[in-house]
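Visitor: I'd like a close look at one part of this protein, please. Could you start from one spot in the chain and follow it into its surroundings?

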Amino acid sequence: MRLLVLGSGGREHAMVRALLRGGHEVHWGPGNGARGDWQVFPDAFNLDRIQALSPELVLVGPEDPLADGLVDKLQQRGLKAWGPTADQARLESSKAWSKQFMRRHGLPTADFAVADTLEEAQAAIRRLCDHQGVVVKADGLAAGKGVVVADDEGSAVAAAQELLEKYGRLVIERRLLGEEASWILLLRPDGFQALPLARDHKRLRDGDQGPNTGGMGTVTPVGSPFALDKLGRDLFAALEQEQLNYFGSLFVGLLFTAEGPQILEFNCRLGDPETEVLLESMPGDFLQALHGEALGEWQGCCLDVVLAHPGYPEASSPSMRIEGIPEEATVLHAGTRRDEQGQLWTAGGRVLHLVAHGKTYEEACEKVYAVASQITFDGRPAHYRTDIGRTLARQR
Ligand SMILES: Nc1ncnc2c1ncn2[C@@H]1O[C@H](COP(=O)(O)OP(=O)(O)OP(=O)(O)O)[C@@H](O)[C@H]1O
Ligand SMILES: [Mg+2]
């Protein structure tokens with residue numbers, strides 16, 4: 001089958017590799033510095049070019065083109081796409097809309113209010129802030145920079161003022177406590193398939209210290225204190241009622257509280273870096289799984305450790321020379337580019353994803369960190385967290 005993957009990060013590299021394992025003709029654009037058995041499709045978001053290629057399926061990776069209606073445009077041209085239309089993508093692109101959807105259907109989520117002015121935000125903060133604090137979120141897509149978890153009313157109001165100026169509408173939420181997990185559902189109009197739970201590590205430094213990032217590493221599987229079958233069924237029924245049961249991925253951000261699982265948020269695409277560990281350890285064919293074919297038993301443990309530019313998350317320049325990637329390692333590319341001589345350079349904040357699979361977390365940790373220590377940016381070690389999977393390794 002001729003397939004086109006759109007996007008340029010580690011998530012898309014993992015998707016492309018998974019589709020190639022299924023024996024398909026894979027085109028990838030715009031891509032990055034990674035090399036492999038796919039065909040490069042440089043003018044990625046040009047609809048005429050896509051139509052001329054006539055892929056049997058277009059898989060859209062990132063959120064921005066989905067929110068901008070790329071799938072609508074592909075469908076108008078008679079092309080089949082994997083991803084939501086712009087209307088359906090409001091589950092991610094508007095937090096106010098998505099919280100109201102959850103409320104309409106009685107799905108478990110933190111109490112909230114929508115605020116368009118500072119006065120409304122202050123009133124909502126007064127109502128929802130307790131001794132645990134409160135959460136202030138920008139309504140629209142903000143590339144991971146639109147959420148402030150505030151400890152008290154004062155800092156919440158300051159955050160609300162700043163986010164209102166930058167992004168407009170806000171969602172104010174009660175702050176919940178518990179462990180987080182990423183739950184990815186492969187949706188189809190007639191059903192869904194849930195992937196094992198994964199956990200992202202958002203903070204820059206070990207021990208969950210330092211600023212928030214797009215994700216510094218992931219692990220799968222992680223345990224759940226609750227069975228999730230009912231939540232999955234209720235969620236799908238709600239999606240179906242509002243014609244949101246699109247052919248694509250729904251990422252459900254979960255928080256396990258003392259009262260049960262709560263939905264923190266939806267993303268309408270595969271998570272990054274969750275996809276890297278899930279697809280690299282998937283026991284079956286990715287494309288068939290999208291179409292509803294049951295996957296086999298998931299085996300072992302999988303880790304992803306992100307190598308980041310030293311300036312990340314504030315800066316990703318200057319571009320640095322990448323060396324020392326071992327041939328046999330599973331290294332997915334995110335912010336990389338190649339020059340005419342074939343030399344690899346950093347071209348973004350999160351540069352490489354090192355993925356390792358093992359029977360245990362201990363084994364996966366050993367493998368991944370042996371690779372991490374060999375790779376250099378301008379001759380120096382890259383920045384990475386050294387604790388991804390370590391707690392789980394100790395527990396087993
Ligand atoms: N109600 C809440 N209680 C406690 N923590 C929360 C709450 N809502 C969000 N958070 C924290 O803030 C983080 C970001 O929130 P959210 O997932 O809504 O934002 P996002 O910017 O859409 O994230 P992503 O980039 O992963 O899509 C969550 O992963 C969680 O750690
Ligand atoms: Mg989100």
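Guide: Let's start with Pro-273, which sits in the loop that links strand E17 to helix H10 (274–280). Please keep in mind that this is a predicted model. The peptide bond leading from Asp-272 into Pro-273 is cis, and its omega is near 25 degrees. There is another cis peptide bond to look at, between Thr-220 and Pro-221, where omega is about 5 degrees. Pro-221 belongs to the loop between strand E15 (217–220) and helix H9.

E17 is a member of an open, four-stranded sheet with antiparallel pairing, in which the strands are ordered E11-E10-E16-E17. Strand E11 (191–194) and E17 form its edges, each pairing on one side only. From one strand to the next, the twist averages 35 degrees. At the E11 end, strand E10 (residues 179–188) pairs with E11 in the antiparallel sense through four bridges. In that pair, Leu-186 faces Gln-193 of E11.

Where does the largest share of the shell around ligand 1 come from? It comes from E17, with three residues. Strand E7 (134–138), strand E8 (147–150), strand E9 (170–174) and E17 (260–267) each contribute at least two residues to that shell. Ligand 1 is surrounded by 17 residues, and the closest are Lys-95, Lys-137, Glu-173, Glu-180 and Glu-265. By type, the shell holds nine charged residues, six nonpolar ones and two polar ones.

Glu-180 places a polar side-chain atom 2.4 Å from an oxygen atom of ligand 1. For Glu-173, an N or O atom of the side chain is 2.8 Å from a nitrogen atom of the ligand. Asn-267 has a polar side-chain atom 3.0 Å from an oxygen atom of ligand 1. On its own, ligand 1 has 620 Å² of accessible area, and the protein covers 81% of it.

Asp-208 is not a glycine, yet it has a positive phi of about 55 degrees. You will find Asp-208 in the loop between strand E13 (203–205) and strand E14 (209–212).

For contrast in the pairing, let's end with another sheet. This one is open and has five strands in the order E3-E2-E1-E4-E5, with parallel pairing. Strand E3 (39–40) and strand E5 (81–82) each have a single partner strand and stand at the edges, so one side of each has no neighbour in the sheet. Strand E1 (residues 2–7) pairs with strand E2 (residues 25–30) in the parallel sense over six bridges, and Arg-2 stands opposite Glu-25 of E2. Helix H1 (residues 10–21) lies across E1, E2, strand E4 (57–60) and E5, and runs at about 170 degrees to E1.

Terms used: Residues numbered from 1 in each chain as written. Chains lettered and ligands numbered in written order. Predicted model: local features only at pLDDT ≥ 70, side-chain atom pairs only at ≥ 80, totals over all residues. Heavy atoms only, no water. Pairing = 2+ DSSP bridges. Contact = heavy atoms within 4.5 Å. Axes fitted to C-alpha atoms, helices over the stretch in contact; angles between N-to-C directions. Near = heavy atom within 4 Å. Polar contact = N/O pair within 3.5 Å; in protein donor to acceptor, adjacent residues only side chain to side chain. Areas by Shrake-Rupley, 256 points an atom, 1.4 Å probe, with all protein chains shown as cover. Nonpolar A, V, L, I, M, F, W, Y, C, P; charged D, E, K, R; others polar.
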